Amino acid sequence: MSGSQEHHEEGVRPPALQHKPVEHIDFSFQATTDLKDSFGNLVVPYGEIYPCCISKTTTHDMGLLCCHYAKVHGLDDNHSSLRFYNDTIGFNWSLYPDKVNNGDKDVDNLAGATIKVSQDFEHVCFWTKATESLFTVRNNETEKVMCVKEGMLYSCVMLHGQRFSSLFRHYARYHNLNGEDFEYRFNGNLIDPKDTPRTLGLELYDVVEVRARRKRAAQDDPA
């Protein structure tokens, strides 16, 4: 063997890197009712189980995990109608204003647990009324077309916990309007896209008013 040739002892290997096993927490979500999106389409049937695995060494917000479940199943716009709970570990999370929200529950209690998911199917029927004629602009803003006549009533049905953002999109699509150009009010107050019939106290046959959005300087004037 020449002096320039490296010598390796047979059977000797460089020391392997030691990786500490990552501890995980396994749990699952289970639908205790049929779960539907904001258009009424069934996306999660009753009884379906969704297994989850999270790292024990990472800080988790249970509220965010619940929101992740809603997003994965196409329930983003309708997740305010969902309730996540497990009575054994004392977990109860939802966006209902009258429910307990303890979304920061210690995840250590989750090991092997099943988080139940239910949906509020209570509906409210109401009217949407155009307080003025509603127009859309076409052909590079050179043509103004009336799509909804002043005083026109449009019947609506929403879940008590459903966000009004879904109604805004539906109303604009149905009437060929640009949704960003219009605003909705109830009892004179501007409706936020995150509002729900429950947060507004909307009751049977109430009227939600829709009109063209005003300039910011005058937008706060309910008149």
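Let's start with Y205: at 55% relative accessibility, over the 50% cut-off, this residue counts as exposed. This is a predicted model, and the chain holds four helices and 14 strands. Of its 223 residues, 38% are buried. Among contacts with a separation of 6 or more, 66% link residues 24 or more positions apart.

**Loop residues to look at**

- Y205 sits in the loop between α3 (197-200) and β14, and its phi is near 65°, a positive value in a residue other than glycine.
- N176 also has a positive phi, near 60°, and isn't a glycine either. You'll find N176 in the loop between α2 and β12, where it is exposed with a relative accessible area of 51%.
- D34 belongs to the loop between β1 (24-31) and β2 (35-36). Its relative accessibility is 33%, so D34 counts as partly exposed.
- D34 and D120 are 86 residues apart along the chain, yet 10.0 Å separates their C-alpha atoms.

**The sheet with β1**

- Five strands make up an open sheet in the order β4-β1-β7-β5-β6, and the pairing is mixed.
- The edges go to β4 (49-55) and β6 (91-94); each has a single partner strand, so one side of each has no neighbour in the sheet.
- From one strand to the next in this sheet, the twist averages 20°.
- β1 and β4 run antiparallel and are joined by seven bridges. Within that pairing, Q30 stands opposite I49 in β4.

**The sheet with β8**

- Another open sheet of five strands is ordered β11-β8-β14-β12-β13, again with mixed pairing.
- Here β11 (153-159) and β13 (189-190) are the edge strands; each pairs with a single strand, so one side of each is left without a neighbour in the sheet.
- β12 (residues 182-186) and β14 (residues 207-212) pair in the antiparallel sense, with four bridges between them. F182 stands opposite A212 in β14.
- Helix α2 (residues 164-174) lies across β8, β11, β12 and β14, and it runs at about 145° to β11.

**T128, a buried spot**

- T128 is part of strand β8 (residues 123-130).
- Is T128 buried or exposed? Its relative accessibility is 0%, so it counts as buried.
- Leaving out residues up to four places away in sequence, T128 touches M152, L153, Y154, C156, L167, Y171, Y184, V208 and V210.

**The second largest pocket**

- Which residues line the second largest pocket? The lining consists of E132, S133, L134, F135, T136, V137, K144, N178, D181, F182 and A212.
- Strand β9 (residues 134-138) gives the most to this lining, with four residues.
- By class, the lining has five nonpolar, three polar and three charged residues.
- Two of the names in that list, F182 and A212, are also the residues that stand opposite each other, with A212 in β14.

Key: Residues numbered from 1 in each chain as written. Predicted model: local features only at pLDDT ≥ 70, side-chain atom pairs only at ≥ 80, totals over all residues. Heavy atoms only, no water. 1 Å grid on protein atoms, 1.4 Å probe; cavity = no way out; pocket = protein on both sides within 12 Å on 5 of 7 lines; lining within 4 Å. Helix = DSSP H or I, 4+ residues; strand = E, 2+ residues; numbered from the N terminus. Nonpolar A, V, L, I, M, F, W, Y, C, P; charged D, E, K, R; others polar. Buried < 20%, exposed > 50% of the residue type's maximum accessible area, 1.4 Å probe, protein only. Contact = heavy atoms within 4.5 Å. Pairing = 2+ DSSP bridges. Axes fitted to C-alpha atoms, helices over the stretch in contact; angles between N-to-C directions.
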